[in-house]
Amino acid sequence: MDLRIQKTYMALSNTFFELLEEKRFEDITVNELCERSMVRRATFYKHFGDKYEFFTFIIREIQAEFDREIAASLDTAMPIDFYITIVRRVMTFFKEKDKLVQSVLKSECYPSLFRILSEQVEFDILQKLKENAEKGYKLIADPEVMAHFFTGAILETLQWWLTSKMPISQESIEKQIVDMMKAVYLTANTD
């Protein structure tokens, strides 16, 4: 990718995160985003149709970064490590970006934003499940069903945890999610 495009994306993304810490998603305008990041509106619209498309881009970039981190730290002998790592990384992200997460949770656009996040997580999990099946690992259900199940379980549980003002520790919720995923996944692969 061209260096100018990378710099434009970085400026827009950093400014977007700053704005989300100050206000709700629906209150952010493309004009404000462009002015603050010193990117022309025409440049923004050359790359993105609207702020929802830009939000989707950001989610994909975050997920790509997650994927790079996960790939660098995984023990490929155990496929369940992918799911454990993804849960831990999402939890760390939520903790590091608490203001952003709280802003999104309060947004009237939250259902749309949550769906964008959910679709990306589901896609990544589905790809990993298919890869595991090709390597000979048994799956307890069809990969599409498992991807929906894991995505729903992870994101709905984290949503509950965040909106309930974290009634249990991060370590505890993380361990419980991971233990349940292990139980589901490993059931099919126990001899």
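Visitor: Which residues does E122 touch, not counting residues up to four places away in sequence?
Guide: Welcome! This is a predicted model, and E122 sits in helix α7, residues 110-134. Leaving out residues up to four places away in sequence, the residues E122 touches are R115, A147, H148 and T151.

Visitor: Is E122 buried or exposed?
Guide: Let's check its relative accessible area, which is 15%. Buried means under 20%. The value for E122 falls under that cut-off, so E122 is buried.

Visitor: How far apart are the end C-alpha atoms of helix α1, and what span should its 20 residues have?
Guide: Helix α1 covers residues 3-22. At 1.5 Å a residue, the span should be 28 Å. That agrees with the model, where the end C-alpha atoms are 29 Å apart.

Visitor: Which residue caps the N-terminal end of α1?
Guide: Look for a side-chain oxygen that lies 2.6 Å from the backbone nitrogen of R4. The residue it belongs to is D2.

Visitor: What covers the buried residues of α6?
Guide: Helix α6 runs over residues 98-106, and its buried residues are L100, V101, Q102, S103 and V104. What covers them includes α1, α5, α7 and α8.

Visitor: Which element gives the largest share of the lining of the largest pocket?
Guide: The largest pocket has a volume of about 480 Å³. Of its 18 lining residues, the closest to the centre are S13, E61, I62, E65 and R68. Two or more lining residues come from each of α1, α4 and α5. The largest share, seven residues, comes from α4.

How values were computed:
Residues are numbered from 1 along each chain as its sequence is written. This is a predicted model: local features need pLDDT of at least 70, side-chain atom pairs count only at pLDDT 80 or more; totals for chains, interfaces and linings use all residues. Side-chain values use heavy atoms; hydrogens and water are left out. Helices (H or I, at least four residues) and strands (E, at least two) are DSSP runs, numbered from the N terminus. Buried means under 20% relative accessible area, exposed over 50%, partly exposed in between (1.4 Å probe, protein chains only). Contact means heavy atoms within 4.5 Å. The expected span of a helix is 1.5 Å times one less than its number of residues. A polar contact is a pair of N or O atoms within 3.5 Å; within protein, one must be able to donate a hydrogen and the other to accept it, and residues adjacent in sequence count only if both atoms are side-chain atoms. On a 1 Å grid over the protein atoms alone, a cavity is a set of points where a 1.4 Å probe fits but cannot get out, and a pocket is an open set with protein on both sides within 12 Å along at least five of seven lines; lining residues have an atom within 4 Å of a point. Grid points are joined across faces, edges and corners, and a volume is the space filled by probe spheres set on the points.
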